[in-house]
Amino acid sequence: MVDFIARIKKIQAIMKHQGTDYMVLAPSSHLFYLTGLKTTADERVQVFLVPAEGTPVMILPEMYREMATNLEEKSFYLLTWADGLDPVDLLLPLIKKPSGIVAIDERMWAGHFLSIRKAFAGYEFMGASALMRQVRMIKDQNEMSILEKAGGLTDKVMGEVPTVLKPGISEKEIAFFVENKLKEYGADEVSFKPIIASGPNTSSPHHNTGERKLILGDLVVLDFGGLFQGYCSDMTRTFSIGKASEEVKKVYNAVKEANEAGFQAVQEGIACEKVDEAARNAISRAGYGQYFVHRTGHGIGLDVHEDPFLVAGNTEMLKVGMTFSIEPGIYLPKQFGVRIEDIVGLSEKGAVRFNNFPRELVEV
């Protein structure tokens, strides 16, 4: 069971140390991390007020009362409001100081932020992510275990993909198959809309899955993941419909070597940019450096993209408990592209992959 009170105390200690008086969260992964409550953002204001000291207060529409009351562990006071009333009237008396610093959830709707500003008339505003990243970036053993299970679920679905990769099936039909299989095997939802790219579409790293149908000789890039107990998986593999050409094999092997080089570079105390550098150097040595057009990886957890980011210029050091993707790719414009992506966690014993579907080129 998650100790939400301990998580709140940890973020409050950081707030006190950094001189932040309040933090205000909206429906988001930050809110879920601190409370276990997952609601939907809409036109009704929802506010979670965390003071630097004392018990937080949740302000919700009346319709969420039962959901909030039924949480296994309640780490806050609950106030609810009915349609027709102004929820800011509940917030105003909770702000005890005339001025200070308040951290605002960047995912709060702009209209809601404008509504609550009058409660913080004398305050300086900052983003809440600067605080929350300090607690969310390091996963505990339970979080690592959930992410590993999420990765295994994705492996299982990827293992069934070759059964449908046949000439005549469309990208959208493959995406539909993947989404259904993820849910069949235990995913709550998809982490993001599956990216299914075929033929020349594979040269676009984030292709919009469309109506194109597979033909013999195509490459197919599948990038997908599912939500498991709130945590995301994310995985990419590239398949060949029929025998791959020698050029495709050369490009594929360069990406595979880059994936392995990035993985081998992961260790505690190394800068994030060094992992990117290791993967990028492998692709440059193969002569395709200019065609690796994105960062090597992104952090993952409750969000599919979160800190830390494995990119040139990021000197932040890797620490035990960090989880992130390693996903090098080569994209030859209007020809084809290849990407291989795994989720990796840094444990006390070193780097561990959460995806173990083979990284060899599969010709179906």
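Contact here means heavy atoms within 4.5 Å. This is a predicted model, where local features need pLDDT of at least 70, side-chain atom pairs count only at pLDDT 80 or more, and totals for chains, interfaces and linings use all residues. Residues are numbered from 1 along each chain as its sequence is written, and side-chain values use heavy atoms, with hydrogens and water left out. Helices (H or I, at least four residues) and strands (E, at least two) are DSSP runs, numbered from the N terminus.

**Around Met58**

- Look for Met58 in strand S3, residues 57-61.
- Leaving out residues up to four places away in sequence, Met58 touches Leu31, Thr35, Leu37, Val47, Phe48, Phe76, Tyr77, Leu78 and Leu79.
- With a relative accessible area of 1%, Met58 is buried (buried is under 20%, exposed over 50%, partly exposed in between, using a 1.4 Å probe and protein chains only).
- Phe76 sits 18 residues from Met58 in sequence, and their C-alpha atoms are 6.4 Å apart.

**Aromatic pairs**

- Searching the whole structure turns up six aromatic pairs; rings of Phe, Tyr and Trp (its six-membered ring) pair if their centres lie within 6.5 Å, and planes under 30 degrees apart count as stacked, over 60 as edge-to-face and the rest as tilted.
- One of them is Phe48 with Phe76: the centres are 5.8 Å apart and the planes at 80°, so this pair is edge-to-face.
- Phe48 belongs to strand S2 (residues 47-51) and Phe76 to the loop between helix H3 (65-69) and strand S4 (77-81), so the pair ties together parts 28 residues apart in sequence.
- Phe239 and Phe357 make a tilted pair, at 6.1 Å centre to centre and 55° between the planes.
- That pair links distant parts of the chain, 118 residues apart: Phe239 is in strand S12 (residues 235-240) and Phe357 in the loop between strand S19 (350-353) and strand S20 (362-363).
- Phe239 and Phe357 are both buried.
- Tyr22, Phe120 and Tyr123 make up one aromatic cluster.

**Helix packing**

- Helix H1 (residues 4-18) packs on helix H6 (residues 129-136) at about 135°, with the axes 10 Å apart; axes are lines fitted to C-alpha atoms, for helices over the stretch in contact, and angles run from 0 to 180 degrees between N-to-C directions.
- H1 and H6 are therefore oblique to each other (under 35 degrees is roughly parallel, over 145 roughly antiparallel, 65 to 115 roughly perpendicular, the rest oblique).
- On the H1 side, Lys10, Ile11, Ile14, Met15 and Gln18 meet Leu131, Met132, Gln134 and Val135 of H6.
- Helix H7 (residues 141-160) and helix H8 (residues 171-184) cross at roughly 140°, their axes coming within 10 Å.
- H7 is likewise oblique to H8.
- Leu153, Val157 and Glu160 of H7 make this contact with Phe177, Val178, Lys181 and Leu182 of H8.

- Most residues other than glycine have a negative phi, and most peptide bonds are trans.
- The Asp307 to Pro308 peptide bond is cis, with omega near 0°, and Pro308 lies in strand S14 (residues 306-310).
- Gln229 is not a glycine, yet has a positive phi of about 50°; Gln229 is partly exposed at 45% relative accessibility.
- Lys334 also has a positive phi, near 60°, and is exposed, with a relative accessible area of 78%.
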